[in-house]
Amino acid sequence: MAAVLNSVRAFFTPQTFHIDVETPADVVARETLLDRVMGPGRRRKSSEKLRAGRVPAEGLALVARDEDGHVIGTVRLWNVQAGVTREGRGVEALLLGPLAVDCAHEGKGIGSALMRAAITEAAQRGHGAVLLVGDAPYYERFGFQADLTQHLVMPGPFERGRFLALELKKGWLEGAAGMLVATGRKFS
């Protein structure tokens, strides 16, 4: 029900934000936003193990800015190997997260806009699949499904029903099995 109400609010609320590529000048604002929205436990999540010491996938760190240019939302995608195929070949994919919107701007469609922009950009860059750990009712509307990850595991504890994937290329995750492993560029 909350998702329906937020969709209705977003429809009637004038768009007072825009999506932009994250810049180095956004780092402090992004980290402050994530600390405020996700709390102190955010760095203990299994997804964080795959992000630690890495940079986001090329062109896939996005922010939402208000009319004054302040960061009010963020989403980043990371290069991972989503297990291997039956033939033993690694399956390249992206791990999305975290997605966060400033609490003062909830219900304006910012999270949805960030998701759509991230998915579109990932597809345009030729990526085959996006994985995430999150609330299925929220992410299913973007096409994410739990059945696509049934043979994949995260490094550390995770809730199976919250481990979701979206294939940007049909059949990309077919036969993929095993542990997610970080493959992105490391911080220099």
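Q: Where does Glu 140 sit?
A: In the loop between α5 (136-139) and β7 (152-153). Bear in mind that this is a predicted model.

Q: Is Glu 140 buried, exposed or partly exposed?
A: Partly exposed, because its relative accessible area is 49%, and the cut-off for exposed is over 50%.

Q: Which other ring does Tyr 139 pair with?
A: Phe 144. The ring centres are 6.1 Å apart and the planes sit at 75°, so that pair is edge-to-face.

Q: Why does 75° make it edge-to-face?
A: Because planes over 60 degrees apart count as edge-to-face, and Tyr 139 and Phe 144 have theirs at 75°.

Q: Which residues end up in the ring cluster?
A: Tyr 138, Tyr 139, Phe 142 and Phe 144, linked by ring pairs.

Q: OK, switching to strands. How many residues of β2 are buried?
A: 6 of the 6, residues 61-66, so the strand is largely enclosed by the rest of the structure.

Q: Which residues go on which side of β2?
A: Ala 61, Val 63 and Arg 65 are on one side, with Leu 62, Ala 64 and Asp 66 on the other. In a regular strand, side chains alternate between the two faces of the sheet. Here both faces are covered.

Q: What does β2 pair with?
A: Strand β1 (residues 17-21) is joined to β2 by 5 bridges, running antiparallel, and His 18 stands opposite Arg 65. β2 is also joined to β3 (residues 71-84), again antiparallel and with 5 bridges. In that pairing, Val 63 has Thr 74 as its bridge partner.

Q: Which residue has a positive phi in the hairpin of β2 and β3?
A: Gly 69, with phi near 90°. That hairpin has 4 residues between the strands.

Q: What about β8, how much of that strand is buried?
A: 4 of the 5 residues in 163-167, so β8 is largely enclosed by the rest of the structure. It pairs with β6 (residues 129-133) in the antiparallel sense over 5 bridges, with Ala 129 partnered to Glu 167.

Q: Jumping to Pro 98, is it buried or exposed?
A: Buried, at 13% relative accessible area. Pro 98 is in the loop between β4 (90-96) and β5 (100-101).

Q: Which residues does Pro 98 touch, beyond its sequence neighbours?
A: Leaving out anything within four places, Pro 98 contacts Leu 34, Met 38, Arg 51, Thr 74, Val 75 and Arg 76. The C-alpha of Val 75 is 5.7 Å from that of Pro 98, though they are 23 residues apart along the chain.

Q: Last one: how far apart are the ends of α4?
A: Its end C-alpha atoms are 21 Å apart. That agrees with the 21 Å its 15 residues (110-124) should span at 1.5 Å a residue.

Q: Which residues of α4 are buried, and what comes after the helix?
A: The buried set includes Ile 110, Leu 114, Met 115 and Ile 119. Gly 126 follows α4, with a positive phi near 85°.

Technical notes
Residues numbered from 1 in each chain as written. Predicted model: local features only at pLDDT ≥ 70, side-chain atom pairs only at ≥ 80, totals over all residues. Heavy atoms only, no water. Helix = DSSP H or I, 4+ residues; strand = E, 2+ residues; numbered from the N terminus. Expected span 1.5 Å × (residues − 1). Buried < 20%, exposed > 50% of the residue type's maximum accessible area, 1.4 Å probe, protein only. Contact = heavy atoms within 4.5 Å. Pairing = 2+ DSSP bridges. Phe/Tyr/Trp six-rings, centres within 6.5 Å; stacked < 30°, edge-to-face > 60°.
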